[in-house]
Amino acid sequence: MPTILLVEDDPNLGQLVQEYLTMKGYITDRATDGNQGLQLFMAGSYDLCIFDVMMPKKDGFTLAKEIRMDYRDVPIIFLTAKSMQEDTIQGFKAGADDYMTKPFSMEELLLRIQAILRRYQRSAESIEPTTYQIGSFSFDYPHQLLTRAIDSKLANSAELMPQKLTSKESELLKLLAQNLNQPVSRSFALKMVWGDDSYFNARSMDVYVTKLRKYLKEDPTVQLVNVHGEGFKLIV
């Protein structure tokens, strides 16, 4: 069940929103000021936050900025009695995903919550992988490690050691793995990994392609080939 943190200093409105969201199937914790809200947030795990703007001790904008410093992905809806354009702009600068002016409809709040959670769920599902399978190799991009999965009984310790890649090797291999069995143009690879497709960078890239071929040659089913007139293709 989705969990929501509601920070609202109006006890009547806060209780009303909390009870409504609970009735609709959301686990809802409530705080009455910004400091208490920050404490609850740091101690819990929330799928969405709803912050009133004008609150004692710490306003909603400040609370959102502090949370966004370390938790950039949690969606935030602001509730406010203010309707001036400047306040709306300030809210979005503070990291708002949505902004509702009081008084508001509970049904509209629910629809906005549902829309934001769907959007974040799709975004989470589309996050690119951090590990890529390339034949018998496993490529751990964040740690820049290329490891071959082979029978430990038939291999010596040196063969089981992962290959530590350089930053450029990792970026290039990631690009090729993302386009497995598809050609990647030289110009595109140069711009993505080196920043531009100058002659000197092109010569440098050829050196890195040769290094990657050396690492991958232990698996005969994996080939990094030149595609005439196009660029390179990582084939499995």
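1. At the start of helix H2, aspartate 33 places a side-chain oxygen within 3.0 Å of the backbone nitrogen of asparagine 35. The model is predicted, so this distance and the other values in this note are computed.

2. Helix H2 covers residues 34–43, and its buried residues are Gly34, Gly37 and Phe41. Viewed down the axis of H2, these buried residues fall within an arc of 55°, so they line one face of the helix.

3. Which exposed residues does the face of H2 turned away from its buried side carry? They are Gln39 and Ala43. On the buried side, the cover over H2 includes strands E1 (3–7), E2 (27–31) and E3 (48–52), along with helix H3 (60–70).

4. Elsewhere, four strands make up an open sheet, ordered E6-E7-E8-E9, with antiparallel pairing. Strand E6 (131–134) and strand E9 (163–164) are at the edges and have a single partner strand each, so one side of each is left without a neighbour in the sheet.

5. Within this sheet, strand E7 (residues 137–140) pairs with strand E8 (residues 145–148) over four bridges, in the antiparallel sense. Serine 138 stands opposite threonine 147 of E8.

6. Helix H7 (residues 167–178) packs on the sheet and touches E6, E7, E8 and E9. The direction of H7 makes about 65° with that of E6.

Key:
Residues are numbered from 1 along each chain as its sequence is written. This is a predicted model: local features need pLDDT of at least 70, side-chain atom pairs count only at pLDDT 80 or more; totals for chains, interfaces and linings use all residues. Side-chain values use heavy atoms; hydrogens and water are left out. Buried means under 20% relative accessible area, exposed over 50%, partly exposed in between (1.4 Å probe, protein chains only). Helices (H or I, at least four residues) and strands (E, at least two) are DSSP runs, numbered from the N terminus. The arc is that of the directions from the helix axis to the C-beta atoms. Contact means heavy atoms within 4.5 Å. A polar contact is a pair of N or O atoms within 3.5 Å; within protein, one must be able to donate a hydrogen and the other to accept it, and residues adjacent in sequence count only if both atoms are side-chain atoms. Two strands pair if DSSP finds at least two bridges between them. Axes are lines fitted to C-alpha atoms, for helices over the stretch in contact, and angles run from 0 to 180 degrees between N-to-C directions.
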